[in-house]
Amino acid sequence: MSATGEAGTRPALLPRLLEAIGAPPRRGVQVALAAAALTLGIVVEAASRATWRHVTVRDEFRRELRLSLLGGLLTVLVTAAIVGLGMVYEAISWLSFLGQEGYAGRILVTVLVRETTPVLVGLILLGRSGTVTVVEFGAVKASGQLRVLEAQGLDPFTLLVLPRVLALAVSAFTLGVIFLVVALATGWLAAEFLGLLLREGAAGFIDNVVEATDRRDYALFATKMVLIGGLVGLTSAITGMSATARDTPSFLLPRGFVRGMFAVLVTSTLLSVAIT
């Protein structure tokens with residue numbers, strides 16, 4: 001009888017093992033498909049005038065835009081100043097030492113504009129606004145407010161998800177521009193203060209960066225910032241609204257952060273490869 005019990009237990013271990021191995025990839029695919037479907041829905045709904053006739057949608061968009069911009073502004077300024085000292089200043093000083101100032105613009109555009117700024121701003125938004133979205137949407141789901149809205153004939157997607165995602169997309173682009181300006185200005189001012197000026201001066205440095213930035217760089221930067229901001233909002237909203245009654249914030253927050261970070265890095269990498 002013991003042998004029979006062991007034989008019956010062994011086959012049961014295999015399904016559980018396979019389930020444990022396949023659960024994370026399955027959840028990842030589900031999140032990706034949900035994000036793709038919601039992205040299409042957001043594009044369609046955002047282009048409709050009827051969506052913006054609702055006062056609640058407009059108010060939620062303004063509220064989240066204000067919170068995400070003001071909440072992430074100080075962190076963006078400090079991070080941009082550090083990056084300016086660590087990256088822009090070093091590029092200026094070394095290229096000035098080698099007499100190759102003309103390459104400063106191309107190097108900074110490739111490293112700072114294309115890669116560093118979108119990723120860092122995306123992670124800042126994820127930490128400041130994405131985590132708040134996970135907690136708020138998780139509380140809405142756990143308290144049953146979603147069912148209340150649906151019972152009243154209101155669409156939670158239009159009232160909650162759409163304005164949050166659009167606000168984060170606009171905030172990401174705005175904060176990205178601020179990040180670039182502060183990083184470049186901080187790096188150049190440090191070089192000027194330490195006597196490592198470029199031969200052309202400030203005007204020459206600005207012209208060098210602008211001339212090195214072509215149309216593809218502008219399009220890549222704008223596309224990255226908007227998509228990364230929107231995906232931070234989407235992954236955070238999906239994580240919060242898919243929570244169960246047993247899921248606590250200490251469980252949801254790491255999951256939301258990992259999903260958001262993965263979305264930021266994958267989006268930035270794929271767009272860089274596509275534009276190259």
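**Terms and overview.** By helix I mean a DSSP run of H or I with at least four residues, and I number the helices from the N terminus. I keep in mind throughout that this is a predicted model. I looked up the secondary structure of the chain and found 8 helices and 0 strands, so that from the N terminus on I can write the order of elements as α-α-α-α-α-α-α-α. Of the 276 residues in the chain, I noted that 42% are buried. I also looked at contacts between residues at least 6 apart in sequence, and 87% of these join residues at least 24 apart.

**Threonine 51.** I then turned to one residue in a loop, threonine 51, which sits between helix H1 (2-46) and helix H2 (55-98). Is threonine 51 buried or exposed? I recorded a relative accessibility of 3% for threonine 51, and because buried means under 20%, threonine 51 counts as buried. Leaving out residues up to four places away in sequence, I listed Glu45, Val57, Thr158 and Leu162 as the residues that threonine 51 touches. One of these, threonine 158, lies 107 residues from threonine 51 along the chain, yet I found their C-alpha atoms separated by 7.4 Å.

**Helix H8.** Next I looked up helix H8, which covers residues 249-275 and has 27 residues. From its first C-alpha to its last, H8 reaches 38 Å, which is close to the 39 Å expected at 1.5 Å a residue. I wrote down the buried residues of H8 as Leu252, Gly256, Arg259, Gly260, Ala263, Val264, Thr267, Ser268 and Ser272.

**H7 against H8.** Finally I asked myself at what angle helix H7 (residues 215-241) and H8 pack. The angle is about 160 degrees, and the axes of H7 and H8 are 9 Å apart. Since angles over 145 degrees count as roughly antiparallel, I describe H7 and H8 as therefore roughly antiparallel to each other. I noted the crossing of H7 and H8 as right-handed. On the H7 side, the contact is made by residues including Arg216, Leu220, Leu227, Leu231 and Thr239, while the H8 side includes Leu252, Gly256, Arg259, Ala263, Ser272 and Ile275. Sorted by class, the contact of H7 with H8 holds 10 nonpolar, 8 polar and 4 charged residues.

Key. Residues numbered from 1 in each chain as written. Predicted model: local features only at pLDDT ≥ 70, side-chain atom pairs only at ≥ 80, totals over all residues. Heavy atoms only, no water. Helix = DSSP H or I, 4+ residues; strand = E, 2+ residues; numbered from the N terminus. Expected span 1.5 Å × (residues − 1). Buried < 20%, exposed > 50% of the residue type's maximum accessible area, 1.4 Å probe, protein only. Axes fitted to C-alpha atoms, helices over the stretch in contact; angles between N-to-C directions. Parallel < 35°, antiparallel > 145°, perpendicular 65-115°, else oblique. Left-handed = near helix turned anticlockwise from the far one by under 90°. Contact = heavy atoms within 4.5 Å. Nonpolar A, V, L, I, M, F, W, Y, C, P; charged D, E, K, R; others polar.
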